[in-house]
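Please examine the sequence and the structure shown below before reading on.

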Amino acid sequence: MTVRMSMVKALNTGLRAAMERDPKVLVMGEDVGRLGGVFRVTEGLQKDFGDGRVMDTPLAESAIVGTAIGLTFRGFRPVVEIQFDGFVYPAYDQIVSQVAKLHFRSQGRVRMPIVIRIPFGGGIGAIEHHSESPEAQFAMTAGLKVVSCSDPNDAHWMIQQAIASDDPVVFMEPKRRYWETGEVDTESAPQGLWSSRVVRPGKDATLIAYGPMVKTCLDSARAAEADGLDLEVIDLRTLSPLDLEPVFESVRRTGHAVVVHEASRTLGLGSEISARITEECFYSLESPVQRVTGFDMPYPPSRAEHDFLPGLDRILDAVDRARAF
Amino acid sequence: MNPLTSHPGTPEVPLVQLLTPTGQRVENPDHDFAGDRAEIESLYRDLVMTRRVDTEAFALQRHGELGLWPPALGQEAAQVGSARALRPHDFAFPSYREHGVAWCRGVDPAQLLGVYRGSEMGGWDPADHQLALPNIIIGSQALHATGYAMGLTLEGLVGTGDPDRDSAVIAYFGDGATSEGDVSEALDWAAVQQAPVVFFCQNNQYAISVPVASQSRVPIVQRAAGFGMPGVRVDGNDVLACRAVTERALQRARDGQGPTLIEAVTYRMGPHTTSDDPTRYRGAAEVDEWRAKDPIERVRLLLEAEGTPPEFFTDLQAEADALGVHLREACQRIAEPDLAVLFDHVFAERTVENDQQKAEFVAWRDAIEGSVA
């Protein structure tokens, strides 16, 4: 059955399905209960599942993740919400020093099936600390898995798959896409969580993106059609582990790769993807891998974010640069 | 630094003490140790064995067999007294110095050595001993304990009146850890939730070199009131008092009456770790003052006065010696870690990248070994 809904609603129905399926699934975070979360992703869950399974926590990010760790020792599967991207740093220690390492330290005896939901990225005119893209800091941490959804159907399924995973998953939700609607197929078998996907086939260059930039890249590809350019767009979906085979396959055909993300350039995901494309596709490349990213500065005041964030013009310029090489 | 005068301007909180340094039993209106002589002998055995583990491991480090060791010398009573108050189905979250707790939870002391030899990252299966792995990041385990305790509540394992069901958690940390935000967050949330957790702070007077008065303006026990839970300050070198106080706090927790903060006032007789030089930050007179409060000696004096036969002590000495031999031999037998195997433990669900890097490493190592052979 296909239903049209927003990403917020798709996440909500996904969470609900996971909680109905497994009584060990808990939802925890600041304001996730009565309010339903500041973005309403958890709306109605406390009413239906009770305040034992949908917990309003103190305003303490380290505690939210730290207590989730203790709950996993009793077999629970906590889904914790970090209210905004820029608020995750007080929990950083618990995430990278504890969540990421306990399976390793215990030689596989302790499992950490925790999902850490983080609304991330800019483009909504927010004040500081509300528009950041810290995904690379988690993707570079061995022991964590990091994914990002880009549309409602993926949001609905990926959140359920992340909860079902026995590994800890940092789940990056593109908040500027929260209110965009799309078709959600609530019955068909979902795509594997750890696989990227070609969202638009093309032959002239490959755009590689995830989360909020997938739509921006699709918009760019549509705009490029006017110039007779046929751009392929790949949604990575999984940032750690990366599923780059579809990217390699694509770049071998197109000869040009452009990686797009909102996060700052230096040591962002684009650095790794660019290196891997170079390693795997060197003889197929007709130009160096291009990166279109945020700049290496703290996230700017929102009235300047339109210049900071990759948009159609910068993406298409990068495509032109690559093709003119 | 005398802990009883270490917080200038703040009224001191009395210590619960049931056994003086000279081996005299004393009464306390709120806390009582009801065990018989056999029970005290059993506690004494744990104290002696814990000290033997510690001194043996210290020596192994000095012989180059361990890279590091954090000694628990002087803290045996706090650890044994509190851990012996746990029931088998209770759960403990230690820091990295709780060798006596591990002993009481049935962990083979040899399993403590691997981490400090550099051969492994954990040591035992937490589910086998109801004891989490040693935690080196200061204070973070207080939150894990709180989460576990919340889980007990959710599962209905608190306040049922059935002693086989009702369960509690204990979190161990030091005085320095109380400066960490995680400990405050844990105390706060546990109190709000009325979670069945006991926070057991071993105030051993120093966070490496920084004395407790430089970490806390008030005696640590006084923080309990601010978070909304009872606080008990106990003589941490008195195994009977530590046992009694912890037992009562754990029972409160199991009964559904919420958390307790225990401050066990003790002293780290040795260095912070084998890399530390405590003579740079504390004087001999202070150490001597605490040596007179030794947690083991006072129990020996009590037992001798109560009529424990001399054979008990000589038998125990032989048992401790045998444990020393076991530790030395077991240390030599600890397997070298195999990096190829370690790849397998990064994730529960293996990844392509993980497998690729493992294959890359194994191929490289095989090639090197082939060329050497």
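## A buried glutamate

E262(A) is buried, with a relative accessible area of 4%; buried means under 20% relative accessible area, exposed over 50%, and partly exposed in between (1.4 Å probe, protein chains only). This residue lies in strand β13 (residues 257-264) of chain A. Helices (H or I, at least four residues) and strands (E, at least two) are DSSP runs, numbered from the N terminus.

The side chain of E262(A) makes a polar contact with the side chain of R176(A), at 2.8 Å. A polar contact is a pair of N or O atoms within 3.5 Å; within protein, one must be able to donate a hydrogen and the other to accept it, and residues adjacent in sequence count only if both atoms are side-chain atoms. Apart from its neighbours within four places in sequence, E262(A) is in contact (heavy atoms within 4.5 Å) with residues including G121(A), S133(A), P212(A) and F308(A).

## Basis of the description

The model is predicted: local features need pLDDT of at least 70, side-chain atom pairs count only at pLDDT 80 or more, and totals for chains, interfaces and linings use all residues. Residues are numbered from 1 along each chain as its sequence is written, chains are lettered from A and ligands numbered from 1 in the order in which they are written, and side-chain values use heavy atoms, with hydrogens and water left out.

## Two helices

Helix α3 of chain A covers residues 61-72. Because 12 of the 12 residues of α3(A) are buried, this helix is largely enclosed by the rest of the structure. Its buried residues pack against β2, β4, α4 and α5 of chain A, together with α6 and α7 of chain B.

In helix α10 (residues 284-291) of chain B, the residues E286(B), V287(B) and W290(B) are buried. Seen down the axis of α10(B), the buried residues fall within an arc of 100 degrees, so they line one face of the helix; the arc is that of the directions from the helix axis to the C-beta atoms. On the other side of α10(B), A284(B) and A285(B) are exposed.

## Where the chains meet

The contact between the chains takes 44 residues from chain A and 39 residues from chain B. Two salt bridges are counted between chain A and chain B, a salt bridge being a side-chain nitrogen of Lys or Arg within 4 Å of a carboxyl oxygen of Asp or Glu. The side chains of E155(B) and R74(A) meet in a salt bridge (2.5 Å, N to O).

How values were computed: Expected span 1.5 Å × (residues − 1).
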